[in-house]
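I opened a new notebook page for this structure.

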Amino acid sequence: VDGGGGGGATTPASTTISSTALELDQVCVARVCDVTKDPLPPEAFAHGGCDFVLLLFCLSAIAPAKMPCVIAKLVSCLKPGGLLLFRDYGRFDEAQLRFSKGHRLADNFYVKQDGTRVYYFTTEGIRNLMRSGCNPATEDNEGGEGATTTVPVEGACSGGCVGGGDGDGCSGSSGSGKFVGGGEAKRELVFGGLEEVELGYVRRQAANRLQQRARFRIWVHGKFRRPYVA
């Protein structure tokens, strides 16, 4: 899931599309998907599912209340032992500190000048989201060890989510139960949840020579494994 929309994770900027188009056509299938409400394409469940899901600067554009539903949907297509690879904006990134009045929608959630939204994560918020299906905006929350969340992952995130709903996505609350993966083979997974392999902050200083200033960027990087189940 590439939040930038340009497919740079598949086709690096250092290679031209013309030189790799034929090869990519043999191994890649591109789909446009609103991951908050559309079902995943059937290719995601072919051959038993995916070995990994790459989630790059995408989750931050989604309302925090909908994030548990999105993660549940993406995990549903992972094979047991498969990895979810995550990178997104971190709390106190310089871009967050530069927002002017009127852009804040909620704590750490903003609207940009182009109308897109952005949320700034902490490692603890991501840990709770991946481990327990908790809304990352509630970091001192209810998602302790062994907590589970009921999340419908096929189709829209609507009133069936834990804590009810009004058709605008799930609440991200903790409850008990299972969610069921989409595709032809319905796979159940207790969302209680993903195993943490790596999680931390990435800090970079980017120099803008034209403006003669440096920008200090903070991202959250994580690697999580779908556990093997008996």
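My entries on the sheet, its helices, some loop residues and the cysteines follow.

**Ground rules.** I am reading a predicted model, in which local features need pLDDT of at least 70, side-chain atom pairs count only at pLDDT 80 or more, and totals for chains, interfaces and linings use all residues. Residues are numbered from 1 along each chain as its sequence is written, and side-chain values use heavy atoms, with hydrogens and water left out.

**Sheet.** I looked up the strand order first. Four strands form an open sheet, and they run β1-β2-β9-β8. The pairing is mixed. I took helices (H or I, at least four residues) and strands (E, at least two) as DSSP runs, numbered from the N terminus. Two strands pair if DSSP finds at least two bridges between them. The edges are β1 (50–56) and β8 (195–208), each of which pairs on one side only. From one strand to the next, the twist averages 15°. Axes here are lines fitted to C-alpha atoms, for helices over the stretch in contact, and angles run from 0 to 180 degrees between N-to-C directions.

**Strand pairs.** I then went through the bridges. β1 pairs with β2 (residues 78–89) in the parallel sense, over six bridges. F52 has L83 of β2 as its bridge partner. L56 has R87 of β2. Between β1 and β2 the chain passes through α2, and this β-α-β crossover is right-handed. That term means that, with the strands pointing away from the viewer, the path from the first strand over the helix to the second runs clockwise. β2 also pairs with β9, this time in the antiparallel sense over seven bridges. There I found F86 opposite G222 of β9.

How many residues of α4 are buried? I found eight of its 10. Buried means under 20% relative accessible area, exposed over 50%, and partly exposed in between (1.4 Å probe, protein chains only). Among the buried ones are I126, L129 and M130, and R131 is also listed. The buried residues of α4 pack against α2, β2, β8 and β9. Just after the helix, G133 has a positive phi of about 70°.

**Loop residues.** I checked two positive phi values outside glycine. H47 has a phi near 60°. It sits in the loop between α1 (17–27) and β1. H47 counts as exposed because its relative accessibility is 78%. F57 has a positive phi of about 45°. Its place is the loop between β1 and α2. F57 has 26% relative accessibility, so it counts as partly exposed.

**Cysteines.** How many disulfides are there? A disulfide is a pair of cysteine sulfur atoms within 2.5 Å. By this rule I count zero. C33 is in none, and its nearest cysteine sulfur, that of C58, is 9.3 Å away. C58 is in none either, with the sulfur of C33 as its nearest at 9.3 Å. Buried or exposed, what is C58? C58 is buried, because its relative accessible area is 14%. C33 is partly exposed, at 32% relative accessibility.

Definitions and conventions. Contact = heavy atoms within 4.5 Å.
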